[in-house]
Amino acid sequence: MRGWTLAACLVCLQAAAHDTEIDTTQARAYRHGTGVALDQARAVRLFERAAQAGDADAAFTLSNMLRDGEGVDPDPAAAARWLQVAADGESPEALQQLAMEEPDPARAAQLFREAAHALTHRVR
C-alpha cells in the first residue's frame with residue numbers, strides 16, 4: 001500500500017504542476033488579449049491561482065499587475081507581498097526588482113548576487 005500512496009502523491013503533484021502551467025498560459029493570453037478577448041481581471045485571478053500553487057514567475061507577474069492596477073485597483077501592499085513570495089521562490093526578476101528598490105547598498109548587492117545565482121538554476 002505504501003508504494004501506491006507514493007504513486008498517488010506523484011500523480012497529484014504532476015496534476016498540480018500541469019494546472020499551474022495551464023493557468024499561467026491562459027493568464028498571459030488574457031493579460032495581453034492574445035487569441036482571446038483582453039480580460040486583465042481574469043488574468044489576475046489566474047496568475048493568483050498559479051502563484052498560490054507555488055509558481056514564482058506567476059507571483060512576480062501578479063505583483064506587477066497589482067502594483068500597476070492592471071485588471072484591478074492598484075494594491076501596493078498586496079503587490080509587495082507577492083513580490084516577496086516571488087523572491088522567496090527564487091524568481092530572478094523579483095530578486096532584481098527588490099535589489100533596485102533596496103536603500104541599503106550592501107543588501108542590494110546581495111540581492112543582485114541572489115538574482116544572478118537564480119538565473120543559473122532557471123529551467124527553461
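These are my notebook entries on one predicted model.

**Overall make-up**

I started with the secondary structure. I counted 6 helices and 0 strands in the chain. Read from the N terminus, the order of elements is α-α-α-α-α-α.

Next I looked up burial. The chain has 124 residues, and 35% of them are buried. I then took the surface.

**The α3 and α4 pair**

I turned to two helices. Helix α3 covers residues 56-68, and helix α4 covers residues 76-88. Their axes come within 8 Å. I noted a crossing angle of roughly 160°. Angles over 145 degrees count as roughly antiparallel, so α3 and α4 are roughly antiparallel to each other. I recorded the hand of the α3 and α4 crossing as left-handed.

Which residues meet where α3 touches α4? I listed them by helix.

- From α3: Ala-56, Ala-59, Phe-60, Leu-62, Ser-63, Leu-66 and Arg-67.
- From α4: Ala-78, Ala-79, Trp-82, Leu-83, Val-85 and Ala-86.

The division is 11 nonpolar, 1 polar and 1 charged.

**Thr-20**

I picked Thr-20 next. Thr-20 sits in helix α1, which spans residues 2-32. Is Thr-20 buried or exposed? I found a relative accessible area of 11% for Thr-20. Buried means under 20%, so Thr-20 is buried.

I then asked what Thr-20 touches, leaving out residues up to four places away in sequence. The list is Ala-50, Ala-53 and Asp-55.

**Glu-90**

My last stop was a backbone angle. What is phi of Glu-90 near? I read a value near 65°. That is a positive phi in a residue other than glycine. I set this beside the general rule: most residues other than glycine have a negative phi.

I located Glu-90 in the loop between α4 and α5, with α5 at 92-101. I also looked up its cover. The relative accessible area of Glu-90 is 48%.

Definitions and conventions: Residues numbered from 1 in each chain as written. Predicted model: local features only at pLDDT ≥ 70, side-chain atom pairs only at ≥ 80, totals over all residues. Heavy atoms only, no water. Axes fitted to C-alpha atoms, helices over the stretch in contact; angles between N-to-C directions. Helix = DSSP H or I, 4+ residues; strand = E, 2+ residues; numbered from the N terminus. Parallel < 35°, antiparallel > 145°, perpendicular 65-115°, else oblique. Left-handed = near helix turned anticlockwise from the far one by under 90°. Contact = heavy atoms within 4.5 Å. Nonpolar A, V, L, I, M, F, W, Y, C, P; charged D, E, K, R; others polar. Buried < 20%, exposed > 50% of the residue type's maximum accessible area, 1.4 Å probe, protein only.
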